[in-house]
Amino acid sequence: MNNTKSNSIIIRKETKEDYYATELCTLRAFWNIHGPGCNEHLMIHKLRDSKDYLPEISRVAELDGQIVGVIMYHKARIVDGDKETEIISFGPLAVEPTCFNMGIGGKLLKETLALAKEAGYLGIAICGEPDYYPRYGFLRGKGSGLEHNLYGTPDPFMIYPLNDGFENLRGKFYEAEVFEECEDEEEIAEYTKKFPYYRPLKLSCQWLHAEKLGRISEVQKNSYTIRFWEKEIPAKLKGSFYEADAEALPLVGDYVTFSYNPYGDSTILTVCERTSLLQRPDQAKTGVMQYMAANADYAFIVTSLNEDYSYNRIARYVSVALQGNVTPVVILTKADLCEDTEHYVEEVRNISDKVQVHAISALYNTGMEELKEYFIPGTTICLVGSSGAGKSTLINALSGQELMKTGEVRTSDSTGKHTTTCRRLFELENGVTIIDTPGMREIGIANSAEGVNETFSDIEELACQCRFSNCRHDTEPGCAIRAAIENGDLSQERYDLYLSLTTENEKNYAKKKEISKWIKAEKKAGKRNR
């Protein structure tokens, strides 16, 4: 059959020059759909050398010179006692994920089903998406007399009669043996290194079908932007979200499932479980939490070494990061403007043994080499700090391109303009994700007892050494904290900051609980009045 062309999509045989592109298309099509990563690209690689491969009816789809789809056929068999009958199967059927809703999978199926029938094969058996294949004439295997040799007759097991005689077959279906050779995790990981890096994810929402998996890259009031591969997709929330607590709403950095709409806003269906959550009290509504970002591995706490430097503010950020299960990394920028950077580095190190500190100058590329240890493919870094601290300059220097606008700093008070007005997510070419946040001159804490305790773990340990378990660390005999202050092991300033943050956290957390209780009561009252 000759090549066919429809809407610029060409269906044709694969050539050796296509091999890498075909496997990359397949990897992208199945990545994180059924679990972390995938192995379908390795299946294609091994199938080509298999005795069961059927290149004469396998096809690829090409769009504007790029491979955007593939269907690979192979010999299969039905075994009924001592009787064995040859049929065929296919898999994987893959479509480039950014080309969804273009009918590529349907075009591949229609052409190859006709080729298979013309070649005289009896029929096809597959395991595939039960909501997709029936529209092309596939039948559920249950009740046909055929069953999968491992799984029986679940909904994904389907058949497609091609020629007379298939309806009389009975027995168990066996795929090509080569697919059993594609389960070694080390081999899969090694072969995957040939391709661009994509982060493998293990989420409870996987085994996706019609819904897609993306990541929130921007939030503007009730409008969301989803990062789906290289595309930025506008989206709105599913109706049920509007009765959920604020913490349950999607944040920048969240992985979400969504229903794609090519003609307008897509619909966010669920928020996947988070590995971390950065939050702080909204300064305008004390006690109400402001949720900053999700699923960050590191919080780069960016502070410039000028009049904006604040030990107190850095300690607050460190507590917020630790509370949110994020590793705090303090980046002291504009080191070229400071005569004694080591003094500040040591001061910040003393905040917590869990904080890492680097003094840099993005302008002169000083200290930037030290940050490479965090730039591991798949890592997410959230940048927080004051306006004018140099976050945008840092992003541009790290990415090697002008991703963000930079603003000047006023010399009168060393403060800067808000060059970042909303939280945004960027994906760098090296597989690292950056979340940029608006500058904050102040940061409160609430619901952060664990974070404060981790930040001041030395004081918590001293408290455990006091003679009395209810020691108030004032005038009681045997107080380990007072003794540490007197002998110089603990500064009075550090202890005062610990007390201040602990008190602030308790007050704000109490207000948060009261406001949360009020909001829930209002929602219940609203439901009763409908």
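T257 counts as buried because its relative accessibility is 5%, where buried means under 20% relative accessible area, exposed means over 50%, and partly exposed lies in between, with a 1.4 Å probe and protein chains only. This is a predicted model, in which local features need pLDDT of at least 70 and side-chain atom pairs count only at pLDDT 80 or more, while totals for chains, interfaces and linings use all residues. Residues are numbered from 1 along each chain as its sequence is written, and side-chain values use heavy atoms, with hydrogens and water left out.

T257 sits in strand β14, residues 255-259, strands being DSSP runs of E of at least two residues and helices runs of H or I of at least four, numbered from the N terminus. Contact here means heavy atoms within 4.5 Å, and, leaving aside neighbours within four places in sequence, the contacts of T257 include C205, L208, T267 and T270.

Let me turn to H74, which is found in strand β4, residues 66-80, and which is buried, with a relative accessible area of 0%. Leaving aside neighbours within four places in sequence, H74 is in contact with, among others, Y53, F90, E175 and F179.

That brings us to E175, which is found in the loop between β10 (171-174) and α4 (185-192).
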